[in-house]
Amino acid sequence: MCGIVGIVGTPHASQEVHQALLMLQHRGQDSAGILSVDSESGKFHLQKGMGQVAQAFDAKDLARLDGWKAIGHTRYSTIGDIKESDLQPMAISLPVGIGMVHNGNVSNYEQLRNQLIERRRMFMSDNDLEIILHMVAESFSQGKGSIFENLTFAVREVLAQVEGGYSVIGLLGTDGLFAFRDPHGIRPLVLGQRKEESGKMAYCLTSETCALKFLGFDFVRDIKPGELIWIPKSGELQAKELTPKTPLPCMFEWVYFSSADSNFEKHNVYQVRLDLGRLLGKRIQKDHPLPKFDVIAPVPDTSRPSAIALAEQLDVPFREVLIKNRYVQRSFIMNGQDKRKLAVGMKFSVVRELVEGKSVLLVDDSIVRGTTSQKLIQLLKSHGAAHVYLASTCPPIVYPCYYGIDFPTRKELIAANHTPAEVAAELGADGVFYSTLQDLTEALGGSSYCHACLNGEYAYPV
């Protein structure tokens, strides 16, 4: 999972891309990068580096990233170690000058990579974006029509062959900016527009609406599954639906990844989390006998709306018993189990006076590996909590994700081979409560969405 942004039609596009990346920092903290195009010289200007956005750029970097269009990326690695060669954006100059960023994962990566190697394409990285980059450049250069016609042909070829969940934003030389979304729309991409002082329209494509709001762009719409967007120098946006299939936006965007003030596929993230908490409260009330809870507390920050709604539903006091260190990364999106365990220990402290001798219902957005949950339960009990129960607003995650979330094998998923009672025992909890697929569907208003990690129904053959 990553954060991407592209801005076109404003004199200092890279500076606004930088600001947008700061708003998308929660989507990835491994690395960040920006690519711009100088309309006068026709040169790409690229800066990328390891770490968070503030570490990857300084004032000099931003000053030389000149141009009226730019794309940016903030990343967390879903597979393997983090390498400099895998950082985005990526660009090539032959057979045509193209730069790209993407959010997601290509599930048939090995097959496509081998095919391209047979056609004498060379690779500089293990990043699956490079697959898409080569495919677009190769197909575009074979076209004999207008720029938009050639781009349409190239992207159609990608959508027909590349499986997985992905959103892509690209720069086509000095000509313009393009973007597209996978045929099922698994990964998010939204469009915003803003009228400039010159009277012309500037556009922003990005992973979340929170970045649009911060930069003063008006939200236009979500990019449709299998849709291509093209914005040339003239600023006249063109759009074409190429290979749309059943919309399957990733449910984890609402549950965990997206900022609470973002909107995704016509659903506000904060409201969905409130509804998940309310529905989980109703489900807990059906259990007999109902445990006595003295305090309901969130695991900061994602689960706070759900914990508030759950506390209201059960009529139990809501309290912030875990105090978060704001300067430690989100532990779930850290690369490697040892790093996650270390981060959890550094990340939280406990208000002992609120938990000592109490029965605490701890609310989290999800239970994936159980690393964070186990450490927090131990932490609360070491500070005197008499009982600690755990509630997850996400149903049990029992299958791997192949579309950009970092749980690629079943053996690391604690719910895959354990009942809720066994999960509670493994974590040291007095009980575990889960939302259900029915609850999730109701919170999303009956919309279709990707829930392969919950029931194994994948968008593409595995």
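**View 1. Strands β19 and β20 side by side.** Strand β19 (residues 359-364) and strand β20 (residues 387-392) pair in the parallel sense, over six bridges. Two strands are said to pair if DSSP finds at least two bridges between them. S359 has H387 in β20 as its bridge partner. Helices (H or I, at least four residues) and strands (E, at least two) are DSSP runs, numbered from the N terminus. The model is predicted: local features need pLDDT of at least 70, and side-chain atom pairs count only at pLDDT 80 or more, while totals for chains, interfaces and linings use all residues. Residues are numbered from 1 along each chain as its sequence is written, and side-chain values use heavy atoms, with hydrogens and water left out.

View 2. Contact means heavy atoms within 4.5 Å. Axes are lines fitted to C-alpha atoms, for helices over the stretch in contact, and angles run from 0 to 180 degrees between N-to-C directions.

**View 3. Helices α4 and α5.** The axes of helix α4 (residues 109-118) and helix α5 (residues 129-142) come within 10 Å and cross at roughly 45°. That angle makes α4 oblique to α5 (under 35 degrees counts as roughly parallel, over 145 as roughly antiparallel, 65 to 115 as roughly perpendicular and the rest as oblique). Y109, L112, R113 and L116 in α4 meet I131, H134, M135 and E138 in α5. The residues of this contact divide into five nonpolar, one polar and two charged.

**View 4. Helices α5 and α6.** Helix α6 (residues 147-161) packs with α5 at an angle of about 140°, their axes being 8 Å apart. α5 is therefore oblique to α6. On the α5 side the contact residues are I132, M135, V136, S139, F140 and Q142, which meet I147, N150, L151, F153, A154, E157, V158 and Q161 in α6.

Methods:
Ala, Val, Leu, Ile, Met, Phe, Trp, Tyr, Cys and Pro count as nonpolar, Asp, Glu, Lys and Arg as charged, and the others, Gly among them, as polar.
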